[in-house]
Amino acid sequence: MGDRFPGIDWYCDSCNQNLNNQAGFDDHKYIWQCTECGYKNSISSANIIEVED
């Protein structure tokens with residue numbers, strides 16, 4: 001099964017660590033607890049921010 005949001009980099013809302021690189025990260029889970037600080041992040045389309053180059 002592939003990523004639910006391909007090409008999206010997820011960052012912790014509390015400590016700004018990259019969630020994609022954390023062991024076991026799966027964007028099919030709707031909540032991901034950051035392994036660095038323990039903050040529970042929402043993984044949903046509402047949290048995707050478009051950034052212009």
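Predicted model: local features only at pLDDT ≥ 70, side-chain atom pairs only at ≥ 80, totals over all residues.
Residues are numbered from 1 along each chain as its sequence is written, and side-chain values use heavy atoms, with hydrogens and water left out.

**Nonpolar core**

- The largest nonpolar core has eight residues: Phe-5, Trp-10, Cys-12, Leu-19, Phe-25, Trp-32, Cys-34 and Ile-43.
- A nonpolar core here is a set of buried Ala, Val, Leu, Ile, Met, Phe, Trp, Tyr and Cys residues joined through side-chain atoms within 4.5 Å. Buried means under 20% relative accessible area, exposed is over 50%, and partly exposed is in between (1.4 Å probe, protein chains only).
- As background, nonpolar side chains in soluble globular proteins tend to be buried together.
- Leu-19 has 0% relative accessibility, so it counts as buried. You'll find Leu-19 in the segment before strand E1 (31-33); strands (E, at least two residues) and helices (H or I, at least four) are DSSP runs, numbered from the N terminus.
- Skipping residues up to four places away in sequence, Leu-19 touches Trp-10, Tyr-11, Cys-12, Phe-25, Trp-32, Cys-34, Asn-41 and Ile-43. Contact means heavy atoms within 4.5 Å.
- From Leu-19 to Asp-3 it's 16 residues in sequence and 13 Å in space, C-alpha to C-alpha.
- Cys-12, another core member, has contacts beyond four places in sequence with Gln-17, Leu-19, Cys-34, Cys-37, Tyr-39 and Asn-41.

**Aromatic rings**

- There are two aromatic pairs in the structure. Rings of Phe, Tyr and Trp (its six-membered ring) pair if their centres lie within 6.5 Å; planes under 30 degrees apart are stacked, over 60 edge-to-face, and the rest tilted.
- Phe-5 and Trp-10 make an edge-to-face pair, at 5.6 Å centre to centre with 65° between the planes. Both Phe-5 and Trp-10 are buried.
- Phe-25 and Trp-32 have ring centres 5.3 Å apart and planes at 80°, so this pair is edge-to-face too. Phe-25 is buried at 17% relative accessible area, and Trp-32 is buried at 8%.
- Arg-4 sits over the face of Tyr-30, 4.3 Å from the ring centre. The test for a charge over a ring is NZ of Lys or CZ of Arg within 6 Å of the ring centre and within 35 degrees of the ring normal.

**Cysteines**

- Searching the whole structure turns up zero disulfides, with a disulfide taken as a pair of cysteine sulfur atoms within 2.5 Å.
- Cys-15 is in no disulfide, and its nearest cysteine sulfur is that of Cys-34, 3.7 Å away. Likewise, Cys-34 is in no disulfide, with the sulfur of Cys-15 as its nearest.
- Cys-15 counts as partly exposed at 28% relative accessibility, while Cys-34 counts as buried at 3%.

**Single residues to look at**

- Asn-16 isn't a glycine, yet it has a positive phi of about 70°. In general, most residues other than glycine have a negative phi.
- Asn-16 is in the segment before E1 and is exposed, with 55% relative accessible area.
- Ser-44 lies in the segment after strand E2 (40-42) and counts as buried at 19% relative accessibility.
- Leaving out neighbours within four places in sequence, Ser-44 is in contact with Arg-4, Phe-5 and Trp-10.
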